[in-house]
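Reader: Could you put the structure up, so that we can go through it together?
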Amino acid sequence: MWLRALFRRAEVERDLDDELRFHIACETEKLIRQGVSPDEAEWRARRAFGGVERIKDDARDARGTAWIDAILYDVRHTLRGVRRRPGFAAAVILTLGLGLGANIAMFGIVDRLLFRPPAYLHDPARIHRVYIRERLGGTEYTEKGMPYTQYRDLARWSSAFDVTAAFGADLLAVGTGEATRRMQVGIVSASYFDLFDARPVIGRFFTAREDSVGAAAPVVVLTSAFWRAQYGGRPNALGQVLEVGSLPCTIIGVAPPGFAGIDDDLSTSVFIPANTYGASMHYVQNATDYYTKYNWSWTGMLARRRAGVTAAAATADLSRAFRLSYEAERAMIPSLPTADVAKPSALAAPIQLERGPLAGADSRVALWTSGVALMVLLIACANVANLFLVRGLQRQREHALRLALGVSRGRLLRHIVTELGLLAGVATAAGVAIALIGGRVLHALFLPNSSDVSALGDQRTLIFAGLAALLTAALTALAPAFESGRAQVAAMIKDGARDSTRRGSRLRAALLSVQAALSVVLLVGAGLFVRSLSNVRAIRLGYDVDPILYVGTNWRGGKLTRPQEIALTHRLADEARTIPGVTRVAFGMNPPLVAWVANDLFTNDHDSVPQSGRFAMKTASPEYFRTMGTRILRGRSFTDADREGAPGVVLVSAPMAEQLWPGRDAIGQCLRIGADTTPCTVVVGITENVKEVSLTADSGGQYYLPTAQYAPEYATLFVRVDGEASRLVETVRQRLQRLMPGASFVTVNPLRDVVDPQVRSWQLGATMFVAFGALALLLAAVGLYSVIAFGVAQRTRELGVRVALGARIRDVLYLILSDGMRFTVMGLGLGAAIAVGVGHWIQPLLYDEQPADPWVLGAVTDVLALAAVAASILPALRASRVDPNIALRAD
Amino acid sequence: VNLPQGTLDLLILKALSLGPLHGWAISERIHDVSRATLEIPQGSLYPALHRLERRKWIAATWGASDNNRRAKYYELTRAGRKQLGEEVDAWAKLTAAVGLVLDMT
């Protein structure tokens, strides 16, 4: 019967009609038999029966199918309402849509950064990323990269794992001729693929033989994306030769679509065996160095725990193995501190980089931003609840009438819930659309190097969207439901809903204040991040950024002799000087922040300088310091006289000089580099310190050797231009490329590209907080506006009386504006208290900034007050134009 | 006389225990048998009928009335007859108990 009722509603309704009509007919006939006139009889029968519709309603209720009718009715009613007042529906949908969209998009990011394991990874809970830790020179270093030798030690000497894999990455030239691009190349052991459930699309992955130590094969596995882009997805790519770095490799397989391995920054294009890379890339003198020495750190380590081994046991096992490895390293380099001092240890951490000990500020900013997005959603909920409350007041009389006519309170409540449900449904769709658009922007901000750009790629995000929508609808329905439960029928009909504005105004005021408070919290956050960003931007780096390009040379095909290389770099420099817009050209070693090199140091006072490892070794040509904008504090720069064969000279940075020769003049001192038997290099100048490792951490110091005297073949060309360097990148590349022999090529990058990632977390924080803060403020202002405007409409009569009694425009304006300011002041107090209270949690993400910055609090107060005035000025002006004649006659 | 709470169901079930009736006839029978003492509030009759139908205590069929019109006839189901027995017992106990109290001297 229930089903029948559901599917054959019309029929059931007709039955009910028939049944009731029949009853009345019987009653009428009975009365006629008793001698009552037909008309009179029917009237009396009907009257005795009571309200037909009411009985039908109750009968439907009794059948338990009433809710279907109710929902259909409410849906129709809602749609009618939308047609009548599209503005209301639009406001609700837009408000909730923005709130939901922000959250859905942020969920995608946070999920990606912290929770979702890499695609195809088998049993991610058992797979760890291995970190090593040691104390050198009083500082504890935690690193994810290690020498391949160390990886082999750990793999051999640990027993807690059934699979261990080496994985690294390098930017290498891939391809030949015009198609050559610098790409991220995955450098992985053959065992790496055992960690995944991936099967090659065609061909195969590496065999253990192809990745054997000292006898590795030049083979390459392509990613699907690379295969499609470069080979059109054709199977005949197998067996072809692809040049990776300067090594021709045979293509043996293609990984399945979406397989990216574990790429921490750039997305990988191809994979080559770890041993192939180690033996062929000539960063070290000897092809066996990579697995015998400990001085080239490039590989990460993955390890899968055996069943039954806990993560803690795995960590202990790795630490033991690493201690053995450290001893082996110390046997080779006796100057290393003993294991008791260095305290070598290792850590089996989750696979996601952002959940390990080296988690960057980005993921924390992402988490904070999610919190912020949640606050925006709360504001949106409060706003919509308020809209419903306000509209509820306008409909008070309608509701009171319906209550009086016998519509139950539950029914009225159900109506509100249905309406909200419908609107929330549409808002969710809008939210998903907003997340799709906004997600791309967020993706670009938080995961700039990831190839996976689908904002809603997986069902996790969609499930989240559904849950968020449900929660939002429930939360929003709370206040209106509470209010409708308190409706006083008699009072409302009597008052004509005219003077009952105060009723429920406390709830509305609370919602408004909460909105304002949340906006304050977000705006304070925005202020703190903006200040941090400008503080970071104001840091003296020790070099200029915007006017500088650096040029890398990539040798391929037929190695040049050392004199040829040096001659070519000089030709490149001469060519660069002729390019219009270029002001200076110099040689150096690596750009700052990219990579740095250290060497053992000896002075006459120290047999071995204990903190040698913390001083960065750099080279510089005479023009270098003026090109980079690095100041020479005392002494001189290099000159052309400091050539190969001339007496060795060195410039040291001020903090290094202070550490090596405290209280003495560093100029003229002797520094021995590499061994205590090398000839003196004499300090001829003191430079300012530069930010070498990161923008906010000070490295121990730097020293510069003349390029002409030290490894001139490794020189990097630095080009200073007038104004923004980025506009000259292509010009410089084309001009210099012409000089490159054979397949060799140059890469030209603005120094800005190196510095920006360092500023990213603050930039992200500032961008996101400002964007969400502005959104929150807008929502709160709209909320305030609608409530004030409604208040004015409700108080028209009262205002009319006031005007009639001689109130001036100023008084009316003041009356309405002060109403708006009341909420604002309450929200401001509450919000400032919260902001100061939670401030210490955000402190680590700030730079040189206190959470309770009075400048920020002051600015936020001004902005909020301004927004409040803006929101209430329109209704206030309308109120001031109230014509007492019309107002008093209204209603 | 106002019907005490909860007795309407009992009366309907009892009225139907003698054979199928349509809604109007149920109210008439109760009215007549009670010698015009009990007046079934029309507003509650049909909701009550539909409620009982939903509980499967009565079943409805459409048939022709004596005056040859389409009418909905209700009859007791097996469950309804059992329910009637229980409610009659409960009512008897209640009235006996109330009677004892009222007979106090």
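Author: What follows is a short talk about this predicted model, taking chain B and then a surface patch on chain A.

Reader: OK, chain B to begin with: how many helices and strands does the secondary structure come to?
Author: Chain B has four helices and three strands, and read from the N terminus the elements follow one another as α-β-α-α-β-β-α.

Reader: And in what order do the three strands sit in the sheet?
Author: The order is E1-E3-E2, in an open sheet of chain B with antiparallel pairing.

Reader: Which are the edge strands, then?
Author: Strand E1 (21-22) and strand E2 (58-64) of chain B are the edges, since each of them pairs on one side only.

Reader: How many bridges join E1(B) to E3?
Author: Two bridges link E1(B) to strand E3 (residues 70-76) of chain B, and these strands run antiparallel; as for individual residues, B:Leu21 lies opposite B:Tyr74, which belongs to E3(B).

Reader: What share of chain B counts as buried?
Author: Chain B has 105 residues, of which 42% count as buried.

Reader: Switching to chain A: which residues gather in the patch of positive charge?
Author: That surface patch brings together A:Arg76, A:Arg80, A:Arg83, A:Arg84 and A:Arg85.

Reader: Where is A:Arg85 found?
Author: A:Arg85 is in the loop of chain A that lies between helix H5 (66-84) and helix H6 (86-115).

Reader: Why does A:Arg85 count as partly exposed?
Author: Because its relative accessibility is 39%, and the partly exposed class covers what falls between the buried limit, under 20%, and the exposed limit, over 50%.

Note on methods. Residues are numbered from 1 along each chain as its sequence is written. Chains are lettered from A and ligands numbered from 1 in the order in which they are written. This is a predicted model: local features need pLDDT of at least 70, side-chain atom pairs count only at pLDDT 80 or more; totals for chains, interfaces and linings use all residues. Side-chain values use heavy atoms; hydrogens and water are left out. Patches are made of residues with over 30% relative accessible area and no salt bridge: like charges are joined within 9 Å, nonpolar side chains (Val, Leu, Ile, Met, Phe, Trp, Tyr) within 5 Å. Accessible areas come from the Shrake-Rupley method with a 1.4 Å probe; for residues, only the protein chains shown count as cover. A salt bridge is a side-chain nitrogen of Lys or Arg within 4 Å of a carboxyl oxygen of Asp or Glu. Lys and Arg count as positive and Asp and Glu as negative; His and the chain ends are not counted. The place of a charge is taken as NZ of Lys, CZ of Arg, CG of Asp or CD of Glu. Buried means under 20% relative accessible area, exposed over 50%, partly exposed in between (1.4 Å probe, protein chains only). Two strands pair if DSSP finds at least two bridges between them.
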